[in-house]
Amino acid sequence: SARIGQCELDGIVAERTQMDYRQISNRVTETDTQVKLRNHKKEAVDIVVVDYFWGDWEITKKSHEFKKVSSRKAEFTVRVEPEQEAVLTYTVRVQS
């Protein structure tokens, strides 16, 4: 089952869905995440999507570049044009 989270702020809507979860071994998991970003404003915006991971993690697939801000935090910056939607997808592998 997918976990879905949604938030809306000042004309920007973000909807996060866990698309898949795999137990690779007793200490390693992979999670596929999709974040739909909708811009209802009249101008383009850069949206920063933040995610937190525990343990030794690695982004193995991504649709947009990211910054590893700290040992637990990743930030993806996604440009969304006016009245458009952008979709961020990424896969993280975590070893605990």
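Let's say two residues are in contact when they have heavy atoms within 4.5 Å. Among such contacts in the protein chain between residues at least 6 apart in sequence, 56% join residues at least 24 apart. Keep in mind that this is a predicted model, where local features need pLDDT of at least 70, side-chain atom pairs count only at pLDDT 80 or more, and totals for chains, interfaces and linings use all residues. Residues are numbered from 1 along each chain as its sequence is written, and side-chain values use heavy atoms, with hydrogens and water left out.

Now for the overall layout. The protein chain has 0 helices and 8 strands (DSSP runs, numbered from the N terminus: H or I of at least four residues for helices, E of at least two for strands). Its C-alpha atoms fill a box of roughly 50 × 30 × 20 Å along the principal axes. Of the 96 residues, 33% are buried, meaning under 20% relative accessible area with a 1.4 Å probe, protein chains only; exposed is over 50%, and partly exposed lies in between.

Next, look at the rings. There are 3 aromatic pairs (Phe, Tyr or Trp rings, using the six-membered ring of Trp, with centres within 6.5 Å; planes under 30 degrees apart are stacked, over 60 edge-to-face, the rest tilted). Phe53 and Trp57 form a tilted pair because their planes meet at 45°, with centres 4.8 Å apart. Both Phe53 and Trp57 are buried.

Phe66 and Phe76 are tilted too, at 40° and 5.5 Å between centres. Phe66 belongs to strand β6 and Phe76 to strand β7. Ring pairs join Phe66, Phe76 and Tyr90 in a cluster.
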